Structure formats: structure tokens, C-alpha cells
Amino acid sequence: MRIHLCGVRGSTPAPGAEFIRYGGHTSCVAIAHDDAATPALILDAGTGLRRATPLLRGGPFTGTIMLTHLHWDHVHGLPFFAAGDRDDARVTLLLPGNGSAGAEELLARGMSPPHFPIAPSGLRGNWSFHTLAPGMFKSEGFTVEAQEVPHKGGRTFGYRVSDGHSVIAYIPDHCPTVLGPGPEGWGEYHSAAIGLAAGVDLLIHDSFLLPDEVAAEASFGHAAADYAVGLARHAGARRVLLAHHKPERTDDALDMLADRFRGSPGVAVAAEGTVIDQ
């Protein structure tokens, strides 16, 4: 599979000269099959979704968007996704079920007047909206596993995606300290996270915090970079990408993070615009 990192920032976009190298767009990963020219599966729809339109090479998006949850930094790109907002687009949007409300109703709570000019039904093309429960399913030729992970403020899923040859795990928002401090004080290596990451070729994981920020800020709903590396080790993941960067974490600060893990094989800091052939 070919993986496009379209947005790797968390909480809010980070514009400015000090954020150019790692990027300021929020969460979005686009995935294509090896033999396909364009992506068919998109994970999250933050402002990075705008970067997915050029990947469609002038054509419409015909595929599936899977949201991990409904926080702003994971949905704000939807109405600005030009390849999906056109008459010939075909988009299936999947999101975690939350009570009795339907998917379109849940999405419309944050995307409809007076908060936004249009509701989800105002997007052009053939859009369908569905809720997900934890478990396995097929989507766009991929096998996907969804599992709930702890994160503050609404039901949140992590995803495991396989094309039959390669497997990735995507857990961009994760608060493992909710389940206890774990062996190092960064949070528990719990069964859902280990199951999603077990033996994957690539783990893309929440690394919003540094270890010395956990005590004061983990309650906001995020994990430390060191937890992501520890989870990869516990689960036998071959590579881990540290992602969902804190909005004020500058390029220089992320360089320092990369330097700290330079001696750890298979660990890298995610940068917007990176393409990974897995």
C-alpha cells in the first residue's frame, strides 16, 4: 500500500514559518493500493484533507473516509475537500457510533448552520454516512479492524488496516493514562492498543506530549511520544511514526524529538507530505 501523510498536527492547525518542515495541517492519512494511481481510503478528515485533492489528479474521490472521532481537528477538512465535493464524487463516510444518533446527525452537530453554512447533506456528489461498532470489516479492498481507545470527549477508535501484504495501525488520539500509569508512568499498554498494533509494519500513533508534560496535560486526552515507542515495542510493531504533534511544537522542537530517538531503530517523526510505500 502507498500511504500519504496529509496532516500530522493535533488540536488546531499550526501556520507559520516555524512549522513548515513538519507541517501545520491536522489529522489526515490517505491510502492507495499498490496497483492504484489514487487513494481509495482516507483516515480522518482534518484540514490535511485539502492535501488529498491533488492526489486524485483532477478526478473525483470515489472511496471511503473513516473518522477516528468527531473532534474538530479530525473533521474540519470535510467541506473543503474539493475532490469529494463535486457532482461525480462517491464518498462513504464512517464514524464511531455514539448512542442512538445516526452518523449524519452526529456530524451535523458541528457542521450545520449557525456553526457552518451547510450541513453534511449540502456536500455535492453521492455521500453516505454510517456509524461503526468495534470489529472487523472490509472497505475499498482493505481489511479493517476498529477498536475503541480511551480519549477524552467522545467515543474514539483506532484502526488497523491490511491489504493482505502490509498492515498499518492508526491511533492518532489516545489517552492511556486513563487506565493507570503503566510501567513507566506514561499509561497502560492495554489490550485494545496492543491488539491494533500487534506485529504491524507501521504504527502511526499520538505523540502529542513529552514525558515531562504527562502529569499536567495527559488529562486533556493524549499520549507521550515515549508511550508510542513503548507500545510499538510491546506489540512488536516494526516501525512507529510519532504523529498528532502539539500545535506549538515547532520544527526545531520536533527535530530535537527525532534526535532523541535516533538510536531507536524504526522510530521516526511524522512530517506532512511524506509518502510511504509499505
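**Walking through the model**

Author: Let's start with Met 66. Leaving out residues up to four places away in sequence, Met 66 touches Leu 41, Ile 42, Leu 43, Asp 44, Leu 94, Phe 137, Val 144 and Tyr 159. Bear in mind that this is a predicted model.

Reader: Where is Met 66 found?

Author: Met 66 is in strand β4.

Reader: Is Met 66 buried or exposed?

Author: Buried. Its relative accessible area is 0%. The cut-off for buried is under 20%, so Met 66 qualifies.

Reader: How far apart are the C-alpha atoms of Met 66 and Leu 95?

Author: They are separated by 6.0 Å. Along the chain, the two residues are 29 residues apart.

Reader: What about Thr 64? Where is its place?

Author: Thr 64 also belongs to strand β4. Thr 64 has 4% relative accessibility, so it counts as buried.

Reader: Which residues is Thr 64 in contact with?

Author: Setting aside neighbours within four places in sequence, the contacts of Thr 64 are Ala 40, Leu 41, Ile 42, Thr 92, Leu 94, Ser 139 and Glu 140.

Reader: New topic. Where is Arg 51 found?

Author: Arg 51 sits in a loop, between β3 (41-43) and β4 (62-66).

Reader: Why does Arg 51 count as partly exposed?

Author: Because its relative accessibility is 37%.

Reader: Which residues does Arg 51 touch?

Author: Not counting residues up to four places away in sequence, Arg 51 touches Cys 6, His 25, Glu 272 and Gly 273. With Glu 272 there is a polar contact, side chain to side chain, at 3.0 Å.

Reader: And how far is the Arg 51 C-alpha atom from that of Gly 230?

Author: The separation is 31 Å. Arg 51 and Gly 230 are 179 residues apart along the chain.

Reader: Now Gly 164. Where is its place?

Author: In the loop between β9 (157-162) and β10 (167-171). Gly 164 counts as exposed because its relative accessibility is 64%. Its C-alpha atom is 17 Å from that of Ala 237, 73 residues apart along the chain.

Reader: Let's do a helix. Which residues in α5 are buried?

Author: Helix α5 covers residues 251-260, and Asp 251, Leu 254 and Leu 257 are buried there. Viewed down the α5 axis, the buried residues fall within an arc of 115°, so they line one face of the helix.

Reader: Which residues are exposed on the other side of α5?

Author: Asp 252 and Met 256.

Reader: What do the buried residues of α5 pack against?

Author: They pack against α4 (225-235), β12 (240-243) and β13 (267-269).

Reader: How does the lining of the largest pocket split by class?

Author: It has 11 nonpolar, eight polar and two charged residues.

Reader: How many cavities of 30 Å³ or more does the structure hold?

Author: One. The largest cavity has a volume of about 60 Å³.

Reader: Which residues line the largest cavity?

Author: Among them are Leu 5, Val 8, Ser 27, Tyr 170, Ile 204 and His 244. By class, the lining has seven nonpolar, three polar and no charged residues.

Conventions. Residues numbered from 1 in each chain as written. Predicted model: local features only at pLDDT ≥ 70, side-chain atom pairs only at ≥ 80, totals over all residues. Heavy atoms only, no water. Nonpolar A, V, L, I, M, F, W, Y, C, P; charged D, E, K, R; others polar. Buried < 20%, exposed > 50% of the residue type's maximum accessible area, 1.4 Å probe, protein only. Helix = DSSP H or I, 4+ residues; strand = E, 2+ residues; numbered from the N terminus. Arc of directions from axis to C-beta. Contact = heavy atoms within 4.5 Å. Polar contact = N/O pair within 3.5 Å; in protein donor to acceptor, adjacent residues only side chain to side chain. 1 Å grid on protein atoms, 1.4 Å probe; cavity = no way out; pocket = protein on both sides within 12 Å on 5 of 7 lines; lining within 4 Å. Points joined across faces, edges and corners; volume = space filled by probe spheres on them.
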